[in-house]
Amino acid sequence: MIAEIGHFALILAFAVSIYQTVVPMVGASRDWQGWMTSANPAALAQFLLCGLSFAALTVAFVTSDFSLKLVYENSHTAKPMIYKISGVWGNHEGSMLLWVLILALFGAAAAVFGDNLPPRLRARVLSVQAAIGAAFYAFIIFTSNPFLRLGNPPFDGRDLNPLLQDPGLAFHPPFLYLGYVGLSMAFSFAVAALIEGRVDAAWARWVRPWTLAAWMFLTVGIALGSWWAYYELGWGGFWFWDPVENASFMPWLLAAALLHSAIVVEKREALKSWTILLAIMAFGFSLIGTFIVRSGVITSVHSFASDPERGLFILAILLAFVGGALTLYAARASEMTAKGVFAPVSREGALVLNNVLLAVSAFVVFIGTMWPLFAEMMWDRKLSVGAPFFNKAFTPFMIALALVLPIGSLVPWKRAKFLRALRPLRAALIFTVATMLLVFAVSTGRSAIAVIGAGLGAWLVAGAVAELWHRTGSSGLSRLFRLPRADWGKAVAHAGLGVTFIGVGLLTAWQSEDIRVAHIGDSFEVSGYTITLQSVDEVRGPNYYSTMAAMKISRDGREIAVLNPEKRVYPVQAMPTTEAAIDGGFLRDVYVVIGDAQPDGGWAVRTYIKPFANWIWLGSILMALGGLISLSDRRYRVAAGARQKKIATVPAQ
Amino acid sequence: MRQLIATFALLLILPISALAVQPDEVLDDPTLEARARTISQKLRCPVCQGENIDESNASISRDLRLYVRERLVAGDDNEQVVDAVVDRFGEFVLFEPRARGGNLVLWLAGPVMAILALLVAWRFIRARSRATQNTAHLSKDEQARLDEIMRED
């Protein structure tokens with residue numbers, strides 16, 4: 001019964017979204033107030049209905065209602081509660097429902113917090129947002145209905161893929177979707193602005209917080225996914241350049257570009273049409289990501305069970321929205337004339353360079369991801385594009401970006417002298433060179449990656465500090481804490497990027513590993529740490545069997561930790577997983593994995609010492625935190641109020 | 001029934017499936033082993049989805065890892081080893097497509113796009129900075145009015 005209510009609510013939400021697409025849009029073009037404002041209750045109703053539907057599905061998972069096909073296929077009574085809940089979105093149908101729920105959430109947020117938006121723009125934004133929603137409701141209802149019943153409910157379910165039964169991955173999809181779908185707001189604003197035919201500073205000020213929020217969520221989502229891969233896949237890789245990872249990385253790069261180009265629109269009324277294009281492309285790449293994950297055109301470790309019909313449907317949605325928006329763009333872009341003027345060496349110039357680097361690097365990821373598909377279609381060649389390609393083709397752009405970032409974020413607007421802009425960075429430069437020398441001295445004979453990665457990272461962090469210092473001027477600490485939050489957010493995010501650079505560089509260059517057969521009681525040395533295999537026991541978990549080892553880690557005779565790496569088998573899916581055990585630290589992780597029993601009674605044991613591993617995720621958290629600090633800047637709230645006063649004087653077109 | 005078969009098939013694989021590089025595979029010579037690892041990371045496991053043979057658990061990956069080490073011990077250089085594997089399994093196993101033929105497009109796409117983007121950006125910036133000069137000129141009346149405003153201060 002509850003499932004039927006959910007099903008019915010979903011169909012109602014679909015109907016409401018169609019209303020919300022058509023009526024406000026017509027109202028906006030005819031200037032009918034009532035039609036325009038009806039978008040607000042519609043957006044709220046749509047969100048409530050979709051929420052009800054999602055809640056119904058959650059109830060079905062929590063109560064293990066195996067008469068629902070979806071629950072039967074993805075759940076099990078013995079599964080811990082948290083994974084029963086995360087199982088709702090651990091499958092194709094449920095994750096699509098989460099996707100539209102978030103889409104409706106953003107629409108409702110624009111309806112509730114959008115009081116300061118010009119009414120016409122708000123009606124159009126909500127209409128475009130609802131159109132995207134309508135397309136995805138249709139997709140769910142016609143190709144991926146989560147509420148299908150089974151005639152003869154089975155006694156128990158088939159369980160969730162054990163790899164997904166993990167806290168890191170339980171919250172990875174919601175964050176990722178908040179990011180992907182958040183970019184739909186930027187898209188809706190862009191399309192609404194194209195229909196209106198005007199883009200101004202106020203528009204950019206409206207788009208930026210949404211994009212910032214979406215980018216922040218994407219950052220957290222990607223970091224969670226990468227962290228999960230690090231500890232779950234059993235050998236401590238953190239980024240694989242897998243098509244599905246790339247699918248989330250491209251929107252992240254474009255969202256980062258969009259954030260920066262919107263600043264130029266906001267402050268200087270230039271780069272307008274480029275910003276609109278970026279907003280369209282950023283969401284377009286979110287849709288491409290969805291297409292890649294769900295259509296099966298590109299196989300990947302974590303793509304959902306694929307289905308050509310679904311693939312075609314998403315491709316049609318993608319073509320309709322991105323194609324439609326781009327056509328509109330082609331027709332209207334020429335009206336977006338730039339106003340601000342600036343010299344090549346200026347903040348504007350630096351932000352243009354930032355956009356070139358980010359957009360081209362996203363393009364490189366795109367072409368590398370799609371190349372196997374392309375080669376197969378064109379020449380019937382089956383080939384692969386993987387990590388070694390991306391490491392070579394993508395990294396140079398990131399190096400260039402890191403080199404210019406601290407300078408670019410300091411140069412004044414409009415016109416600047418290059419050498420003068422460098423002056424506040426003298427101390428940062430000295431710090432960077434010192435760091436590079438130190439790293440070089442510590443790592444003689446090893447790869448240059450350590451020196452480059454640590455150098456660039458130090459340059460970014462020191463550059464961010466130097467910028468805060470420079471903005472403070474000579475008035476000391478009290479001024480430092482009274483700097484606008486946007487300045488702090490910017491510095492924290494840029495420093496976070498630096499921290500990630502350091503982590504990636506030093507981990508890649510300095511990690512050491514040891515693979516051996518150990519008998520119980522054996523001790524061995526790995527890079528100064530003494531590892532002792534104390535015991536190996538069979539343990540029973542709630543829905544798995546585990547082979548759990550106890551390994552003592554000590555250094556210079558002092559015990560640091562006892563780690564319990566596991567090897568699990570989930571009997572329902574007959575699937576083995578490895579659970580690495582990690583002693584995390586600020587400067588290094590000790591990462592141990594227990595392998596198979598050997599014929600001579602020993603165990604295969606793997607030990608990795610991973611220096612600075614945590615810095616990769618620490619940097620990601622800092623980046624997201626920087627976004628959050630910026631988002632709390634009072635300018636967004638004050639500006640919204642100021643805008644409202646201005647509206648009265650803007651004549652209706 | 002299907003599930004039963006799947007379970008059975010998995011159980012068959014389970015005993016041989018093992019975690020990536022096994023202790024018995026590791027070569028005694030650390031330089032050779034390091035080379036083997038470098039090569040393994042560039043070769044894709046032919047039956048898995050996007051894993052290289054160094055991290056893959058499939059038995060064919062183990063065979064490939066052993067084969068790579070065999071060739072290295074026999075004195076092949078890295079190129080020869082990779083060529084030998086590609087001869088058997090086709091270019092599908094190469095994670096880094098060779099920069100020749102049609103694949104040149106893949107390798108050049110990034111740099112060419114970067115150059116194009118920089119050219120377009122440069123033209124845009126030039127246009128923006130020229131606009132400075134155009135708007136810099138005020139008419140006489142405007143200049144007089146501006147002076148007046150400035151004096152008021």
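# Briefing: domains, helix pairs and a chain interface

Chain A is divided into domain 1, residues 1-160, and domain 2, residues 513-613. The model is predicted. It also holds a chain B, and 45 residues of chain A are in contact with 39 residues of chain B.

- The centres of domain 1 of chain A and domain 2 of chain A, taken over C-alpha atoms, are 43 Å apart.
- Six residues of domain 1 of chain A are in contact with five residues of domain 2 of chain A.
- On the domain 1 side of this contact, two residues are nonpolar, one is polar and three are charged.

**Where chain A touches chain B**

- The contact joins 45 residues of chain A to 39 residues of chain B.
- Helices and strands of chain A both contribute: α14 (347-379), α15 (387-408), β1 (512-518), β7 (575-579) and β9 (588-597) each supply at least two residues.
- Helix α14(A) gives the largest share of the chain A side, eleven residues.
- By type, the chain A side has 31 nonpolar, nine polar and five charged residues.

**Helix pair α20 and α21 of chain A**

- Helix α20 (residues 485-510) and helix α21 (residues 613-631) of chain A pack with their axes 7 Å apart, at an angle of about 165°.
- An angle over 145 degrees counts as roughly antiparallel, so α20(A) is roughly antiparallel to α21(A).
- The crossing of α20(A) past α21(A) is left-handed.
- The residues of this contact divide into 18 nonpolar, nine polar and two charged.

**Helix pair α7 and α13 of chain A**

- Helix α7 (residues 119-143) and helix α13 (residues 308-332) of chain A have axes 11 Å apart and pack at an angle of about 170°.
- Therefore α7(A) and α13(A) are also roughly antiparallel to each other.
- From α7(A), the residues that meet α13(A) are A:Ile132, A:Ala135, A:Phe139 and A:Thr143.
- From α13(A), the partners are A:Glu309, A:Arg310, A:Phe313, A:Ile314, A:Ile317 and A:Phe321.
- Seven residues of this contact are nonpolar, one is polar and two are charged.

**An annotated stretch of chain B**

- An unreviewed UniProt entry annotates residues 104-125 of chain B as a "transmembrane region".
- In the model, residues 104-125 of chain B are 100% helix and 0% strand.
- The end C-alpha atoms of this span lie 31 Å apart.

Notes:
Residues are numbered from 1 along each chain as its sequence is written. Chains are lettered from A and ligands numbered from 1 in the order in which they are written. This is a predicted model: local features need pLDDT of at least 70, side-chain atom pairs count only at pLDDT 80 or more; totals for chains, interfaces and linings use all residues. Domain bounds come from an automatic or database domain assignment. Two residues are in contact if their C-beta atoms, placed from the backbone, lie within 7 Å. Ala, Val, Leu, Ile, Met, Phe, Trp, Tyr, Cys and Pro count as nonpolar, Asp, Glu, Lys and Arg as charged, and the others, Gly among them, as polar. UniProt positions are given in the numbering used here, feature names are shortened, and annotations may be inferred rather than shown by experiment. Helices (H or I, at least four residues) and strands (E, at least two) are DSSP runs, numbered from the N terminus. Axes are lines fitted to C-alpha atoms, for helices over the stretch in contact, and angles run from 0 to 180 degrees between N-to-C directions. Angles under 35 degrees count as roughly parallel, over 145 as roughly antiparallel, 65 to 115 as roughly perpendicular and the rest as oblique. A crossing is left-handed if the near helix is turned anticlockwise from the far one by less than a right angle, and right-handed if clockwise.
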